[in-house]
Amino acid sequence: RRYDDDPYIQPAPQKSNGQGKGRLWEVTQDNVDLSWKRKVYEVFEYYRERTPSSFIRNLETSIEWHYHDVADKRFAKMQANELVNHLRSGPLLSTNTEIVDTDSVVRIRHLGLSKGVGAVKIIDQVSRCLMGVREGEV
């Protein structure tokens, strides 16, 4: 079966170097509100300027502030804690996001949107397709 009629699975762009002759597939998330990213980026930029050797990664559905290369680890962790508290009390208030705070990265992402969730969706849809069951049928 083909997946062309599925709104969540779309063909990925083909590589221009001629490699990869088969069709590749990627999960797309329609109607995902990422308007919070602009405000979060501004806050991250403020902390990046105040914390030498830190940097920002702006990904498709998440944004990260990395501080693993900062020489003063204690200062960097204090900045990270302050950053998380600021985001929770302001820019991320009433948004559908989650904060993932690790030892050296503060990641903000849309709640429930991750590679793992996408992989489970693909596996479920492929399994249903192979068994001849369409979404909504049991």
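Four strands form an open sheet in the order S3-S4-S6-S5, with antiparallel pairing. The edge strands are S3 (55-58) and S5, each of which pairs on one side only. From one strand to the next the twist averages 15 degrees. Strands pair if DSSP finds at least two bridges between them; strands (E, at least two residues) and helices (H or I, at least four residues) are DSSP runs numbered from the N terminus. The model is predicted, so that local features need pLDDT of at least 70 and side-chain atom pairs count only at pLDDT 80 or more, whereas totals for chains, interfaces and linings use all residues. Residues are numbered from 1 along each chain as its sequence is written, and side-chain values use heavy atoms, with hydrogens and water left out.

The protein chain contains 3 helices and 6 strands, which follow one another from the N terminus as β-β-α-β-β-α-β-β-α. Within the sheet, S3 and S4 are joined by 4 antiparallel bridges, and Phe 55 stands opposite His 66 in S4. Strand S4 (residues 62-66) pairs with S6 (residues 105-110) in the antiparallel sense over 5 bridges; Ser 62 has Arg 109 of S6 as its bridge partner. Strand S5 (residues 97-101) is likewise antiparallel to S6, with 5 bridges, and Asp 101 is bridged to Val 106 in S6. A hairpin through 3 residues connects S5 to S6.

Helix H1 (residues 36-50) lies across S3, S4, S5 and S6 and runs at about 5 degrees to S4. Helix H2 (residues 73-89) packs on the sheet, where it touches S4, S5 and S6, and its direction makes about 170 degrees with that of S5. Axes are lines fitted to C-alpha atoms, for helices over the stretch in contact, and angles run from 0 to 180 degrees between N-to-C directions. Contact means heavy atoms within 4.5 Å.

Leu 83 touches Val 43, Phe 44, Tyr 47, Trp 65 and Val 106, residues up to four places away in sequence not being counted.

Buried residues make up 28% of the 138 residues in the protein chain; buried means under 20% relative accessible area, exposed over 50%, and partly exposed in between (1.4 Å probe, protein chains only). His 110, in strand S6, counts as buried because its relative accessibility is 12%. Leaving aside neighbours within four places in sequence, His 110 is in contact with Val 32, Asp 33, Leu 34, Trp 36, Thr 61, Asn 96, Thr 97 and Glu 98.

Two loop serines have positive phi values. Ser 53, in the loop between H1 and S3, has phi near 75 degrees and is partly exposed, with a relative accessible area of 45%. Ser 94, in the loop between H2 and S5, has phi near 65 degrees and counts as exposed at 79% relative accessibility.
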